[in-house]
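User: I'd like to go through how the pieces of this structure pack together. Can we take it step by step?

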Amino acid sequence: MKNRIRAYAISQGFDLVGFSSTRLETKHLLAFNAWLKKGYEGSMTYMQKKELRENILKLLPQAKSVISLAMNYYNKQSPLKKNHGRVARYAYGRDYHKIIPKKLKAVEEFITSIAPHATTKAYVDTGPVLERAYAEQSGLGFIGKNTCLITPQLGSWVFLAEIITTLPLIPDQKLLNTPKPFAACGGCRKCIDACPTKAIVAPGVIDATKCISYLTIENRNEIPKPLAKIIKKTRLLYGCDICQEVCPFNSKAKPTPHKELLVPKIAGDQLAISAVLSIKTAPNFIKLFAGSPLTRAKHAGLQRNAAVLTKR
């Protein structure tokens, strides 16, 4: 049955599929709680729903398995033009939250067609699920020092999703609770050293309040001046890929074959700062970026980011 589910999921556009039990390894729970205790989630208070993230059975009682899925989104970027700001790779075209759920639904329907008694519940980073932990446990890859899930086939340029199900499926690997985290990274510190704001405060630990992705997307407040100066130097308008770009596991990244992530092009890989600043109203902003991940930052957020890039 696993092989049938895996084959069907791949036919729907997923690149990697793995299976794990619903039980989380202790190391993931300890790391998550330590991160919260430090307040590294910033204003993302939804991360504090510990009881749901720690026990997936609260999301789907009687769940027996978690199916982790990954989809390659890597795309090459053109040189950054003068007076332009960089847009993170994941936000080039249409929002993956509008693409992947349809694929998940198709897989869910397939599962119930071959196992009518099964119940499923799917997420694509919108629910209280420690998705990187489950992806690692399912054998898709390992969590690196930059906290990204790094896969042998595609590096870390992957969107993650999961289907929780009451269907008992044999895990792809045993729970290891490995005592030596980041063994695959070895002594490499490239992601830690390259982070402009020093947001990777320890291997596998990110202080979101210093992270450029958080500051330019999730953050609704003014960006602190010391960090704003750094962002101006990097010319990052929306999101940040630096810790992934320097990772040796991404040196042979494969361009995504999934054209629906790139066509239609909405934000692209960069935007003219003057064009962003000329967007006068929220409705105009929505009209320009409808269907794009950039709507997450809202009109005020993107204008704030553009203003940061122009300050002297």
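User: Is the crossing of H1 and H4 left-handed or right-handed?

Analyst: This is a predicted model. H1 covers residues 2–11 and H4 covers residues 100–114. Their axes lie 10 Å apart. The crossing of the two helices is right-handed.

User: Are H1 and H4 roughly parallel or roughly antiparallel to each other?

Analyst: The two helices pack at an angle of about 150 degrees. Angles over 145 degrees count as roughly antiparallel. H1 and H4 are therefore roughly antiparallel.

User: How many residues of the contact of H1 with H4 are charged?

Analyst: From H1 come Arg4, Ile5, Tyr8 and Ala9. They meet Ala106, Val107, Phe110, Ile111 and Ile114 in H4. Eight of the contact residues are nonpolar and none is polar. The number of charged residues is one.

User: Which strands are the edge strands of the open sheet of four strands?

Analyst: The strand order is S1-S2-S7-S4, with antiparallel pairing. An edge strand pairs on one side only. The edge strands are S1 (16–21) and S4 (120–123).

User: Which residue in S2 does Val17 stand opposite?

Analyst: S1 and S2 run antiparallel, joined by six bridges. S2 spans residues 65–72. The residue in S2 opposite Val17 is Leu69.

User: What angle does the direction of H4 make with that of S7?

Analyst: H1 lies across S1 and S2, at about 140 degrees to S1. H4 also packs on the sheet, where it touches S2, S4 and S7. S7 is the strand at 158–165. The angle between the directions of H4 and S7 is about 30 degrees.

Methods:
Residues numbered from 1 in each chain as written. Predicted model: local features only at pLDDT ≥ 70, side-chain atom pairs only at ≥ 80, totals over all residues. Heavy atoms only, no water. Axes fitted to C-alpha atoms, helices over the stretch in contact; angles between N-to-C directions. Parallel < 35°, antiparallel > 145°, perpendicular 65-115°, else oblique. Left-handed = near helix turned anticlockwise from the far one by under 90°. Contact = heavy atoms within 4.5 Å. Nonpolar A, V, L, I, M, F, W, Y, C, P; charged D, E, K, R; others polar. Pairing = 2+ DSSP bridges.
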